Amino acid sequence: MDWLLTPGPVRLHPKALEALARPQLHHRTGPAREVFLKARGLLKEAFRTEGEVLILTGSGTLAMEALVTNLFAPGERVLVPVYGKFSERFYEIALEAGLDVHRLDLPYGRVPRPEDVARKGYRGLLLVHSETSTGALADLPALSGAFKAENPEGLVGADMVTSLLLSEVALEAFGVDAAASGSQKGLMCPPGLGFVALSPRALEGLRPRGYYLNLARELKAQREGESAWTPAINLVRAVAAVLEEVLPRLKEHLALKAWQNGLLYGVGEEKGLKGVPEVRSPAVAAFYLPKGAAYGAVKEAFARRGAVIAGGQGPLKGRIFRLSLMGAYDRYEALGAAALFREVLDEILPAS
Ligand code: PLP
């Protein structure tokens, strides 16, 4: 068995594999429109929004950019706390989009606290829910509440790339106006689709711009079950098939994913490793490298057992390693992965 223990792309869900083996659909036909509308409806349920979810062909970063460029006009003031590689990416996208961006640096591994974002005078706040680079989970309802108390007209945009189908997500109930996600994480599908969820409030305040990434144009087409440009319809079919399977038992699925991630932390802690995040996301387990062990040696020890893992990014490069069971692993496969992890640690840690 190949162990894809990276925080995306992940081991594919059997329903995705089955859907991908089906003949090509033409995207401007009735059966394709049916698939597209079904996927959009199921994604609305997954994001728990009364608004709309748009399906874009591209990766999660594309969805983040679409969110920023279609929600905010150049020159508008936005606050971006930076506490990992992906919040750093939100900051860079907002700069590139010509916004008046105020960056708030926090140590990697921490998450913003409500008092960090309770600042007046902003049109927007951009947050990463599950910061995959550090394994940290931000408290979106508390942060949105604190920000909106100071900025009642403000909009909150969130990266939910590794929280959708992994942690509880509820757009309006969290006070989030727009969110970005992708197909290759909790949805257990291949990379290639980005999603932008828009609350009814975000739909009212949309400031569409751009050509390929113009969300007003997408909305018009997607309400009819099409997209403005040729979509990766095969992936849309895979997403619909997985959601159809997982959503009816979402509670159990989230509990399984949290238990599996806890299992990885349990093994690391039992062997004396230190976890990176102050609040743990169920999507990924991030550990500081044990004293004297280089990342290359840890990666190699996993590779010899058929497993692929991830290292650190940005300032954490060469200092941490990350493991994830967010792919299609059941309870017993997760126990196998935990045993493999224990074996690696026994090999690389000096005998005491
Ligand atoms: N945001 C988060 C939290 C992520 O984990 C990732 C990918 O790892 C991204 C954004 C970027 O997604 P993509 O690589 O699909 O562009």
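User: Why does R103 count as partly exposed?

Analyst: In this predicted model, R103 has a relative accessibility of 32%, and because the partly exposed class lies between the 20% limit for buried and the 50% limit for exposed, R103 belongs to that class.

User: What makes the pairing of R103 and E88 a salt bridge?

Analyst: The side chains of R103 and E88 meet with N to O at 3.0 Å, and since a salt bridge requires a side-chain nitrogen of Lys or Arg within 4 Å of a carboxyl oxygen of Asp or Glu, the pair qualifies. R103 sits in strand β4 (residues 100-105) and E88 in helix α4 (residues 85-96), so that the bridge links parts of the chain 15 residues apart.

User: Is E88 buried or exposed, and how do you know that?

Analyst: E88 has a relative accessible area of 19%, and because buried means under 20%, E88 is called buried.

User: Why is the contact between E278 and R113 called a salt bridge, and which parts of the chain does the pair tie together?

Analyst: The closest N and O atoms of E278 and R113 are 3.1 Å apart, which falls within the 4 Å cut-off, and therefore the pair is a salt bridge. E278 lies in the loop between α10 (250-270) and β11 (285-288), whereas R113 lies in the loop between β4 and α5 (114-117), so the pair ties together parts that are 165 residues apart in sequence.

User: What makes E168 and R48 a link between distant parts of the chain?

Analyst: Their side chains meet in a salt bridge of 3.1 Å, N to O, and the two residues are 120 residues apart, with E168 in the loop between β8 (155-159) and β9 (178-182) and R48 in the loop between α2 (30-47) and β2 (52-57). E168, at 46%, and R48, at 47%, are partly exposed, because exposed would require over 50%.

User: Why is N214 called buried, and where is its place?

Analyst: N214 has a relative accessible area of 13%, and since buried means under 20%, N214 is assigned to that class; its place is in the loop between α7 (200-204) and α8 (215-222).

User: How do you know that the side chain of N214 makes a polar contact with the backbone of A216?

Analyst: A polar atom of the N214 side chain lies 3.0 Å from the backbone nitrogen of A216, and because the cut-off for a polar contact is 3.5 Å, the distance meets it.

Conventions. Residues are numbered from 1 along each chain as its sequence is written. This is a predicted model: local features need pLDDT of at least 70, side-chain atom pairs count only at pLDDT 80 or more; totals for chains, interfaces and linings use all residues. Side-chain values use heavy atoms; hydrogens and water are left out. Helices (H or I, at least four residues) and strands (E, at least two) are DSSP runs, numbered from the N terminus. Buried means under 20% relative accessible area, exposed over 50%, partly exposed in between (1.4 Å probe, protein chains only). A polar contact is a pair of N or O atoms within 3.5 Å; within protein, one must be able to donate a hydrogen and the other to accept it, and residues adjacent in sequence count only if both atoms are side-chain atoms.
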